[in-house]
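Morning, everyone. I have one model to walk through today. Please bring it up on your screens.

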Amino acid sequence: MVKVAPSVLSADFAELKKDLDSIKNCGADWIHYDVMDGHFVPNISFGYSILNDISQVTDLYLDVHLMIENPMKYVDEFIKAHASSITAHIEAFSNEQDIRAFIQHVHHHGVNVGLSIKPATPVDTLIPYLDDLDLVLVMSVEPGFGGQKFQEQAISKIEQLDQLRQERSYLIEVDGGINATTGMLCRQAGADVLVAGSYVFQAENRKEAIESLK
Ligand SMILES: O=C(CO)[C@H](O)[C@H](O)COP(=O)(O)O
Ligand SMILES: [Fe+2]
């Protein structure tokens with residue numbers, strides 16, 4: 001069954017513990033943690049110290065999505081803050097050697113590792129790394145903000161990644177504009193993890209919203 005990863009970007013930060021308990025009780029599988037630096041994306045969210053605090057009060061899998069320049073500079077802080085997986089954008093690296101170093105470093109610390117692609121980045125850019133990844137994150141909106149409209153070209157990317165993994169074992173995760181309708185399209189295309197921010201946190205009934213994604 002598909003996993004649902006509510007994005008805490010859409011939570012009420014003044015009531016974070018309450019919101020974390022609520023999504024867990026409503027059936028969330030993972031917590032999706034969006035890190036934005038105001039450079040790689042035109043928005044600032046939160047860093048590793050809040051992740052560490054969250055890790056003290058939840059046992060849910062902590063799925064870190066780094067939307068930052070120079071992921072290597074901060075990756076150790078997210079490892080120390082108990083990330084379960086760390087996903088960086090392939091567009092944030094300038095060469096293949098740095099991407100391989102990032103993957104190896106995260107694995108060396110026993111943490112799962114992913115690469116993400118923006119809407120304009122083709123799946124082919126990921127092919128050299130697919131054997132070494134635990135997770136591939138397909139952005140179905142331009143990274144930076146919650147509450148945007150799902151971009152349909154994500155579906156063919158998910159299908160392509162599903163075909164490419166015949167003998168591999170990475171999970172396919174999709175992020176941005178997910179609701180019951182777009183979530184179903186992604187599931188049918190082969191997605192394993194659906195990130196949903198506004199759809200879950202703004203729902204009148206979060207349990208029903210999460211169930212509708214599964
Ligand atoms: O990475 C992200 C934005 O860059 C968020 O994870 C994503 O936008 C989730 O929000 P929503 O479900 O409201 O689109
Ligand atoms: Fe995200």
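I'll take the sheet, then a helix pair, a loop residue and the ligand shell.

One caution before that: this is a predicted model.

Eight strands form an open sheet, in the order 1-8-7-6-5-4-3-2. The pairing is parallel. Which strands stand at the edges? Strand 1, residues 3-6, and strand 2 do. Each has a single partner strand, so one side of each is left without a neighbour in the sheet. On average, neighbouring strands are turned by 25 degrees against each other, direction ignored.

Now two of the pairings. Strand 7, residues 171-175, pairs with strand 8 in the parallel sense, over three bridges. Look at Glu 173: its bridge partner in strand 8 is Val 193. Strand 3 and strand 4 also run parallel, and four bridges join them. There, Leu 66 has Ala 88 of strand 4 as its bridge partner.

Stay on strand 4, residues 85-89. Is it mostly covered or mostly open? Mostly covered: five of its five residues are buried. Both faces are covered. Ser 85, Thr 87 and His 89 lie on one side, Ile 86 and Ala 88 on the other, and all are buried.

Next, the helix pair. Helix 3 covers residues 71-80 and helix 4 covers residues 96-108. Their axes come within 11 Å and cross at roughly 5 degrees. An angle under 35 degrees counts as roughly parallel, so helix 3 and helix 4 are roughly parallel to each other. Who makes the contact? From helix 3, Pro 71, Met 72 and Val 75. From helix 4, Asp 98, Ala 101, Phe 102, His 105 and Val 106. By class, that contact has six nonpolar residues, one polar and one charged.

Now a loop residue. Ile 127 is found between strand 5, residues 112-117, and strand 6, residues 135-139. Buried or exposed? Ile 127 is exposed, because 12 other C-beta atoms lie within 10 Å, and 12 or fewer counts as exposed. Ile 127 and Leu 164 are 37 residues apart in sequence, but their C-alpha atoms are 8.4 Å apart in space.

Last, ligand 1. There are 23 residues around it. Which come nearest? Ser 7, Pro 143, Gly 146, Gly 197 and Ser 198. Strand 2 (30-36), strand 3 (61-67), strand 8 (193-196) and helix 7 (198-201) each supply at least two residues of the shell. By class, the shell has nine nonpolar, twelve polar and two charged residues.

That's my tour. Thanks.

Key. Residues are numbered from 1 along each chain as its sequence is written. Chains are lettered from A and ligands numbered from 1 in the order in which they are written. This is a predicted model: local features need pLDDT of at least 70, side-chain atom pairs count only at pLDDT 80 or more; totals for chains, interfaces and linings use all residues. A residue is near a molecule or strand if its C-beta atom, placed from the backbone, lies within 6 Å of it. Ala, Val, Leu, Ile, Met, Phe, Trp, Tyr, Cys and Pro count as nonpolar, Asp, Glu, Lys and Arg as charged, and the others, Gly among them, as polar. Axes are lines fitted to C-alpha atoms, for helices over the stretch in contact, and angles run from 0 to 180 degrees between N-to-C directions. Angles under 35 degrees count as roughly parallel, over 145 as roughly antiparallel, 65 to 115 as roughly perpendicular and the rest as oblique. Two residues are in contact if their C-beta atoms, placed from the backbone, lie within 7 Å. A residue is buried if 20 or more other C-beta atoms lie within 10 Å of its own, exposed if 12 or fewer, and partly exposed in between; C-beta atoms are placed from the backbone. Two strands pair if DSSP finds at least two bridges between them.
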